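The following exercises are to be worked through with the sequence and the coordinates at hand. Each task is followed by a solution in steps.

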Amino acid sequence: MTNLVEISNLNFGYGSRLVLKGINLAVPKGSLVAIMGLSGCGKTTLLRLIGGQLRARDGTVTVAGQRLNDMSQGELYALRRRLGMLFQFGALFTDLSVYDNVAFQMREHTQLPESVIRDLTLMKLNAVGLRGVQSLMPSEMSGGMARRVALARATALDPELILYDEPFAGLDPISLGVIGQLIRRLNDALGATSVLVTHDVQESLKIVDYVYFVSEGVIVAQGTPDQIRASTLPFVHQFIWGEADGPMPFHYPARTMSDDLGMREA
Amino acid sequence: MERSTLNLWVGVFVLLGFFAFLVLAFKVGNLSAGGNGTTYTLIAHFDNIGQLKERAPVRSAGVLVGRVKSVRFDPVHYNAEVQMAIDTKFPFPKDTSASVLTSGILGEQYIGLDAGGDEKMLKDGDEIKLVQGAVVLERLIGQFLFNKAQDSGADKGAQK
Amino acid sequence: MVLEATLRGIRLVGDRTLRIVERIGATVAFLVMTLVHSATSFRRFDLVIREIFFAGVQSLIIILVSGLFVGMVLGLQGHETLQNYGSEQSVGVLVALSLVRELGPVVAALLFASRAGSAITAEIGLMKATEQLSAMEMMAINPIARVVAPRFWGGVISMPLLAMLFSAMGIIGGFLVAVVLIGVDDGAFWSQMQAAVDFRHDIVNGIIKSLVFGVAVSAIATFEGYEAPPTAEGVSGATTRTVVSSSLAILALDLVLTAFMLKGWN
């Protein structure tokens with residue numbers, strides 16, 4: 001099985017601060033891979049590097065056999081046409097209706113007649129179960145519905161690779177389950193490959209094929225969901241069972257309490 | 001918003017804008033006078049042009065026939081060379097005279113053209129030979145005082 | 001001590017100056033980028049028409065009403081002053097020249113900056129904050145071509161039309177006060193005006209001014225929105241900056257343009 005996304009020996013930082021250190025990662029074609037970790041551990045940065053929003057200076061990022069590091073804007077845009085991305089809160093265009101949002105890329109990138117666009121758009125909306133809301137504006141929908149519409153929009157041009165940035169953030173349990181199932185179903189139905197960035201362990205372990213755990217810029221664990229659940233690594237254990245204290249300390253590194261409060265030993 | 005209503009409103013807006021332009025051009029401005037048609041240039045040299053400026057009106061019998069195009073000092077003759085753009089609808093005979101006049105006592109200065117009786121007409125770039133410069137109030141007063149005090153042999157310093 | 005404080009003061013002035021120059025430079029660079037990516041706006045003019053609606057049509061009411069009031073005030077004040085010189089019939093000249101040369105372009109541009117400019121900044125800033133611009137970029141659509149350029153051209157096209165409407169409305173206002181209310185002679189009002197207002201030097205110059213203001217306000221508004229920090233304070237700060245910088249730019253440019261126009265362009 002070939003890899004659609006490959007990252008090797010990647011170091012990346014903003015300014016002098018390294019956010020990602022020595023990342024090696026592979027996403028086989030057709031699979032659904034999750035990148036998990038705490039907020040601020042660098043996983044969103046990783047996703048942006050795969051989407052070409054950020055460029056790696058050290059190490060390589062390869063998508064569909066093309067090196068992203070030194071691509072021109074034109075080449076990058078050509079590659080992105082084969083990509084779909086679901087943003088954290090959907091990022092639907094607020095000035096367009098649901099229908100126009102889903103039809104957006106078809107209108108921008110293809111010369112398809114309006115009747116074909118209409119059929120395709122309704123099919124995409126039907127796939128996420130929201131054919132009935134086509135005339136609503138994004139502001140008139142609940143968060144879960146907006147996320148589903150965004151999913152329909154991300155898959156509008158049948159992408160080979162779909163990137164998800166925190167698809168479960170801020171959803172109620174039912175919407176959460178629906179989105180999880182949709183991500184899995186769409187991946188298999190379209191024959192696409194998906195990369196999922198999330199901190200929602202329980203939901204994602206149900207649907208993904210493989211998991212990478214990132215902590216402080218380093219991949220600390222990886223494996224299939226079963227392997228992860230059975231993992232005895234203290235960090236993974238703390239993360240999966242949501243324990244307040246453990247290897248990830250409750251306290252942000254600071255001076256000692258007695259120093260901060262000005263207490264001196266006599 | 002429906003596409004057609006949007007287009008309608010923008011159409012109304014653009015038409016209103018053009019209407020405003022037409023009002024400004026014809027009702028407020030001087031475009032209706034045909035003032036911006038083709039013109040020909042006449043030149044005149046004056047000893048003194050007073051406060052005459054570029055774009056000052058050129059009138060004949062009180063009617064606007066053109067505008068002053070440029071005013072410059074002529075370093076050869078030590079006088080002022082004035083170029084006038086005159087509407088081609090108004091040809092003037094060769095012996096036309098030009099004078100710098102003032103509208104009212106304190107009003108703006110303009111050039112007055114008095115047509116002569118010549119058969120031949122002035123062409124583009126021709127010079128008007130008969131000229132009368134601006135009347136400078138100080139000199140007029142000086143002249144008056146000078147005449148009054150002539151017997152007593154007043155000095156010319158008063159002219160200043 | 002004193003020396004140090006003085007040095008610190010001078011340094012602060014230098015720092016501020018550099019930052020302002022930097023900001024102007026960045027705005028101009030952004031304007032050039034917008035122009036480079038303007039092809040889409042003209043190929044798909046319906047995008048621009050939409051923005052003309054939001055920038056131009058929606059500013060109509062405030063422009064028309066303000067123009068009428070300003071013209072009426074000019075008529076009253078002008079009549080009051082000119083009366084002392086026995087030339088109240090020149091009130092038409094005064095109203096028309098002040099409006100066509102200065103007040104029309106300048107006041108319309110100031111109103112436009114606070115009505116439409118701030119709206120453009122807020123809209124683009126919010127699109128950025130909600131990742132709509134990133135989403136667009138991930139769809140291989142350049143947000144400068146698709147979002148910024150149409151708004152820029154919508155503003156540039158609307159501005160001269162609004163300024164002319166303002167002037168025309170103001171002259172009507174002056175007419176109402178001077179002729180209808182006070183009883184200045186109708187014929188003298190218009191004929192003196194026509195004799196004094198030159199099409200090329202007054203009206204066309206006024207339109208040129210408003211075009212320049214339109215470019216300045218639209219460039220500042222789009223730039224501030226596009227560069228706004230993606231937070232609530234960021235967007236509100238950017239909106240304020242749009243109004244302040246636009247107003248200053250309008251007045252400064254007006255001085256430069258007026259100086260050139262009065263002296264001739266050589």
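Predicted model: local features only at pLDDT ≥ 70, side-chain atom pairs only at ≥ 80, totals over all residues.

**Exercise 1. Domains and chain pairs**

State the division of chain B into domains, then determine which chains touch.

Solution. Step 1: domain 1 of chain B covers 1-33 and domain 2 covers 36-141. Step 2: taken over C-alpha atoms, the centres of these two domains are 39 Å apart. Step 3: 2 pairs of chains touch, and the pair with the most contacts is B and C. Step 4: chains A and B do not touch, their nearest C-alpha atoms being 10 Å apart.

**Exercise 2. A nonpolar patch on chain B**

Which residues make the nonpolar surface patch of about 610 Å²?

Solution. Step 1: the patch consists of Val135(B), Leu137(B), Leu140(B), Ile141(B), Phe144(B) and Leu145(B). Step 2: Ile141(B) is located in helix H2 of chain B, residues 137-148. Step 3: the relative accessibility of Ile141(B) is 47%, so this residue counts as partly exposed.

**Exercise 3. A bent helix in chain C**

Where is the kink in helix H5 of chain C centred? Examine also the backbone after this helix.

Solution. Step 1: helix H5 of chain C, residues 91-129, has a kink of about 55° centred on Leu99(C). Step 2: after H5(C) comes Glu131(C), with a positive phi near 65°.

**Exercise 4. Salt bridges**

How many salt bridges does the structure hold over all chains?

Solution. Step 1: the total over all chains is 27 salt bridges.

Step 1: Asp226(A) and Arg229(A) form a salt bridge with their closest N and O atoms 3.4 Å apart. Both residues belong to helix H8 of chain A (residues 225-229), and because they are 3 residues apart, about one helical turn separates them. Asp226(A) is exposed at 58% relative accessibility, whereas Arg229(A) is partly exposed at 35%.

Step 2: in chain C, Glu123(C) and Arg151(C) are joined by a salt bridge of 2.9 Å, N to O. This pair links distant parts of the chain, 28 residues apart: Glu123(C) is in helix H5 and Arg151(C) in helix H7 (residues 143-182). Glu123(C) is partly exposed, with a relative accessible area of 28%; Arg151(C) has 4% and is therefore buried, the limit being under 20%.

Step 3: Arg241(C) and Glu224(C) form a salt bridge, with 3.0 Å between the closest N and O atoms. Arg241(C) lies in helix H10 (residues 232-263) and Glu224(C) in helix H9 (residues 199-226) of chain C, so the bridge ties together parts 17 residues apart in sequence. Arg241(C) is partly exposed, at 34%, while Glu224(C) is buried, at 3%.

Step 4: salt bridges with shared partners join Asp95(A), Arg50(C), Glu51(C), Glu123(C) and Arg151(C) into one network.

How values were computed
Residues numbered from 1 in each chain as written. Chains lettered and ligands numbered in written order. Heavy atoms only, no water. Patch = residues over 30% accessible without salt bridge, like charges linked within 9 Å, V, L, I, M, F, W, Y side chains within 5 Å. Areas by Shrake-Rupley, 256 points an atom, 1.4 Å probe, with all protein chains shown as cover. Salt bridge = Lys/Arg side-chain N within 4 Å of Asp/Glu carboxyl O. Helix = DSSP H or I, 4+ residues; strand = E, 2+ residues; numbered from the N terminus. Buried < 20%, exposed > 50% of the residue type's maximum accessible area, 1.4 Å probe, protein only. Domains from an automatic or database assignment. Bend = angle between axes of the 7 residues up to and from the residue. Contact = heavy atoms within 4.5 Å.
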